Amino acid sequence: MNTKEQSLTNPDHYKQGAVQTIEKMMYAFGPNDVLAFCKLSTFKYIDRAGHKGDPAIDLAKADWYMRLAERLMYETSKSAGLKILKKFLKEEKEKDHEDNTVPQMCGSNT
C-alpha cells in the first residue's frame with residue numbers, strides 16, 4: 001500500500017491520545033463484538049471495492065480487518081482480546097515502519 005492509501009486507512013481521527021478507536025471498542029464490547037465488527041467491515045470493503053474510490057484501498061482495508069478477525073476468532077475474554085489486538089497493532093506498525101510507510105489502519109472509514 002502506498003503512502004496515499006495508508007493515509008486514508010489511518011487518519012488521525014482513529015486515535016485520540018495513546019488509545020486507538022478499535023482498542024476502545026475492545027474495552028467496551030469485548031472480542032466477540034470486535035470480531036463481528038471485523039467480519040462485517042471485511043465484507044463491506046470487499047463489497048464496495050471499485051464502487052467508491054480506489055478499489056485497492058478498500059481491498060487493503062478488507063485485508064487488514066480479515067487478518068485481525070483471524071487473530072480474534074478463538075478469544076472470549078477481554079484481557080486476551082486486548083493482548084491480541086495490541087500485539088497485532090504493534091506488528092502492523094513495525095511492518096509498516098520497515099516498509100518506510102505510515103502505520104496502517106486503526107479503524108473503519110465509513
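1. The side chains of Glu94 and Lys90 form a salt bridge, with N and O 4.0 Å apart; the term covers a side-chain nitrogen of Lys or Arg within 4 Å of a carboxyl oxygen of Asp or Glu. Both residues lie in helix 5, and because they are four residues apart, about one helical turn separates them. Glu94 is partly exposed, at 40% relative accessible area, while Lys90 is exposed, at 53%. Here buried means under 20% relative accessible area, exposed means over 50%, and partly exposed lies in between (1.4 Å probe, protein chains only).

2. The model is predicted: local features need pLDDT of at least 70, side-chain atom pairs count only at pLDDT 80 or more, and totals for chains, interfaces and linings use all residues. Residues are numbered from 1 along each chain as its sequence is written, and side-chain values use heavy atoms, without hydrogens and water.

3. A search of the whole structure gives eight salt bridges. Arg67 takes part in one with Asp63, where the closest N and O atoms are 2.9 Å apart. This pair sits in helix 4, four residues apart and so about one helical turn from each other. Asp63 has a relative accessible area of 32%, which makes this residue partly exposed.

4. Arg67 also forms a salt bridge with Glu92, the closest N and O atoms being 2.6 Å apart. That pair links distant parts of the chain, since Arg67 belongs to helix 4 and Glu92 to helix 5, 25 residues apart. Glu92 counts as buried, with 6% relative accessibility.

5. The protein chain has five helices and two strands, in the order α-β-β-α-α-α-α along the sequence. Helices (H or I, at least four residues) and strands (E, at least two) are DSSP runs, numbered from the N terminus.

6. The largest nonpolar core holds 18 residues, and those with the most contacts inside it are Ile22, Val34, Cys38, Trp64, Leu68 and Leu72. Two or more core residues come from each of helix 2 (21-29), helix 3 (31-48), helix 4 (55-72) and helix 5 (78-98). Helix 4 gives the largest share, six residues. A nonpolar core is a set of buried Ala, Val, Leu, Ile, Met, Phe, Trp, Tyr and Cys residues joined through side-chain atoms within 4.5 Å.

7. Of the 110 residues in the protein chain, 40% count as buried. Among contacts (heavy atoms within 4.5 Å) with a separation of 6 or more, 69% are between residues 24 or more positions apart.
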